[in-house]
Amino acid sequence: MQTPETKPQSATIGPETIFNADNYKTEQSHFLVCGLGSLGQFCVAALKEFGVSVHAITTACPESWEITNLPGLVDSLLMGDCRQPDVLERAGVKDCRAVLIVTNDERVNIEAAFAVKLLNPEVRVVVRSTKQNLNQLLEQGLGNFVALDASQLPAPAFAIAALGSEIRGLIHLDAYMLLVVKVSIDTTHRWCDRRFLHELNTQTRRLLSHISAGSPLPVGFYQWEPDARVQAGDQVAYIEVVDRFTDLISVPSAGTPVKARSEAKPFWHKLRHFSSYHLGQKLVNWWQVTAQQPTKRVATVVGVTMLVLWLLGTLTFKLTNSQISLLSAFYTAGVMLLGSYDTVFGALDPQDSFPVWMRIMNLTYMLAGTASIAVLYALLTETLLVAKFQLPKKRPPVPLQGHVILIGLGRLGRRVATFLQQMRQPLVGVSNVPLESTILPSMPLVVGDLANSLSKVNLATARSVVIATDDEMANLELGLMAHAANPDCALVIRTFDPRFSASIDGLLPYAKVLCAYDLAADAFVATVFGENVLSLLRLNEQTVLVIEYMIKSEDMLNRRLLAEVAYGYGVVPVLYHSLAKGTVRFMPSDDIRLEMDDRLVVLATSDGLQRIERGEMYPRRWQVTINKASSKDSIFDGSMAIARITGCSINQAREVMNQLPAVLPFPLYKHQAQRLVRELSKSQVVAQLVSLSA
């Protein structure tokens, strides 16, 4: 395991490296936080983890702080209106590095942002706002301005927790989905006793954590032994590229293996989906779903009936009169359905005899056609009335089983509902106030007292319950009621106070307790430092940020190998985009060297983000001893492997390989060194690891 150190480590591994982290100095200017509500307090606590100076402005101090000893965390606390220029000047806005404006009033936030920009046009401003169109316009007009929605960022974490499955996160990148999955290994798992941990890393998958039975949760990435074998009782977390978002139709429940792509199945296995039994099951399910939509039922039944009669009439005329063409038979059957008796039989002589069954058939078709036209007129009339008078459409009925119950449809609740619908998960919303028909129109809704509404949402057969109201005590009460009614369903409870969260988490181990502002604060703080936060998720009881970097010439990541970025800062690169070469790679190789204008997306914990910001890298504590090579080809291949994996020059690598046995003159990270040993072994070069701390 790599351990952090207190001062930055030199990045020098060979003459090819042109950047030294020791030369980097973090700016000493302070950060300003405007608004010390719940979100503001969490932002202050997150900023102090970076060791920076924090000034704050608030209108009034609360009787009890949600963050313990918050005034002690703030270097300068000023009472006043953050929209006033004199208040901002006293808070040091002209000398601050960035400003966070996170009050509960969006109008105040925007006005304060204007005031800040007038006093310091170059300062970075991060504002809490839900006005997406306005936010985009302000970002273009003000410059160095970012607006974030405090309810949008944590919504995926609530939705994922509601699924109660192995999936821990969904990340949307460049029209593809990245799945973060945590699986429990049993004796029947395809990896059990068959794979080493390093073998789980592929072109579409990266291992994030490995927890042996009885081991504590890891606090970062790469805290696993690459040469360890996967065993029963282990917990393995990984991120994997899957198909486009629209292809993610269903999410498996716990215990079901998650696969990026469906396996090919024999043709006869596919036929079973079209068997009469499965078709009947689908019809029964459809009939139950449309129980409260009689218009849809009638239209479907009439349409199917007319189609069957049309095809049956065509077949009858063709079989009874071989001289008639198939097109004429099709036309005649259609005319009969429209009630045109003369067209069919008018040409016949009244004395002509034709079967009685044909007359009965014609009469039946005329009645069916008349009824279908009446239904068509009714549907058109209903559609026109709805469009003309804007009549609200009926919402779908409450699902019967396997659904998510979402209680509380405020901003966060609506975001969670939208995310679940994108994942095509059945759900029902519960609200104590009516919603407009245009808000989540395809979601079933129960309006009324929240406690009494639990009896109307099929709680006993629900998959999970998410309680996201703005009242912590109500959330706790509803959570206890839901668990008593259905102990098997997954329970997600929203909280605000970290002390209250810790209490519930300890007393209710079956519940997942999430604090929305705690989750959002990490994203706000990361954005303050100039990073582009794409998403966030929860893994191993900590927040993981999905951060996008655009490499600049003065950037700390410029000219570094991805191995250095990954193991040195403790982050996981998941996407590399070279604008110069026009290449995009998911789960990129450690051997890629970053260049200016490259785009890099990584998974990072708060510790990893802090290390990148400060330029502090984990120390390299491993060396590789090369004992012998079997041939000249092995020496050549080994030199290429050393240069590729370590980033040194070809000449350096050849010099080492020509003087065997030898020790590589520069230290490496453990995962990097072990990979080098494996690659050398493929070239028939014998090498081994040596720990510098031994």
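**Burial, strand pairing and aromatic contacts in the predicted model**

Helix α6, spanning residues 155–163, is mostly covered, with nine of its nine residues buried. The buried residues of α6 are A155, P156, A157, F158, A159, I160, A161, A162 and L163. The helix is followed by G164, a residue with a positive phi near 60°. The structure described here is a predicted model, and the values below were computed from it.

The protein has 694 residues, of which 49% count as buried. Its secondary structure amounts to 22 helices and 24 strands. Where residues at least 6 apart in sequence are in contact, 67% of these contacts join residues at least 24 apart.

The largest nonpolar core contains 128 residues, and the members that touch the most other members are F524 and L603. Helix α17 (residues 516–528) gives the most to this core, contributing 10 residues. A second, separate core comprises 24 residues, including V99, V108, V123 and F145. When neighbours within four places in sequence are set aside, the contacts of F524 are L39, C43, L100, V102, V126, V127, R128, L148, A150 and L153.

One of the residues contacted by F524 is L100, which belongs to strand β4 (residues 98–101). In this strand, A98 and L100 point one way, whereas V99 and I101 point the other way. All four of these residues are buried. Strand β4 pairs in the parallel sense with strand β1 (residues 31–34) over four bridges, and I101 of β4 is the bridge partner of C34. Strand β4 also runs parallel to strand β5 (residues 124–128), to which it is joined by four bridges. Here the bridge partner of I101 is V127 in β5, a residue that is likewise among the contacts of F524. Together with helix α4 (residues 106–119), strands β4 and β5 make a right-handed β-α-β unit.

Aromatic pairing was examined next. A search of the whole structure finds eight aromatic pairs. In one of them, the ring centres of F31 and F529 are 5.1 Å apart and the ring planes lie at 55°, so the pair is classed as tilted. Because F31 lies in strand β1 and F529 in the loop between α17 and β17 (532–539), the pair ties together parts that are 498 residues apart in sequence. Both F31 and F529 are buried. Ring pairs link these two residues with F50, giving a cluster of F31, F50 and F529.

A further pair is formed by Y176 and F586, with ring centres 5.7 Å apart and planes at 65°; the pair is therefore edge-to-face. This pair also links distant parts of the chain, as Y176 is in strand β8 (residues 176–184) and F586 in strand β20 (residues 583–586), 410 residues apart. The two partners fall into separate classes of accessibility. Residue Y176 has a relative accessible area of 34% and is partly exposed. By contrast, F586 counts as buried, at 18% relative accessibility, because the cut-off for burial is under 20% relative accessible area.

Residue T332 is found in helix α10 (residues 326–337) and counts as buried, at 16% relative accessibility. In space, T332 and T314 are 7.5 Å apart, C-alpha to C-alpha, and in sequence they are 18 residues apart. Residue S639 has its place in helix α20 (residues 632–646). With a relative accessible area of 2%, S639 is buried. Not counting residues up to four places away in sequence, S639 touches A653, R654 and M657.

Conventions:
Residues are numbered from 1 along each chain as its sequence is written. This is a predicted model: local features need pLDDT of at least 70, side-chain atom pairs count only at pLDDT 80 or more; totals for chains, interfaces and linings use all residues. Side-chain values use heavy atoms; hydrogens and water are left out. A nonpolar core is a set of buried Ala, Val, Leu, Ile, Met, Phe, Trp, Tyr and Cys residues joined through side-chain atoms within 4.5 Å. Buried means under 20% relative accessible area, exposed over 50%, partly exposed in between (1.4 Å probe, protein chains only). Helices (H or I, at least four residues) and strands (E, at least two) are DSSP runs, numbered from the N terminus. Contact means heavy atoms within 4.5 Å. Two strands pair if DSSP finds at least two bridges between them. A crossover is right-handed if, with the strands pointing away from the viewer, the path from the first strand over the helix to the second runs clockwise. Rings of Phe, Tyr and Trp (its six-membered ring) pair if their centres lie within 6.5 Å; planes under 30 degrees apart count as stacked, over 60 as edge-to-face and the rest as tilted.
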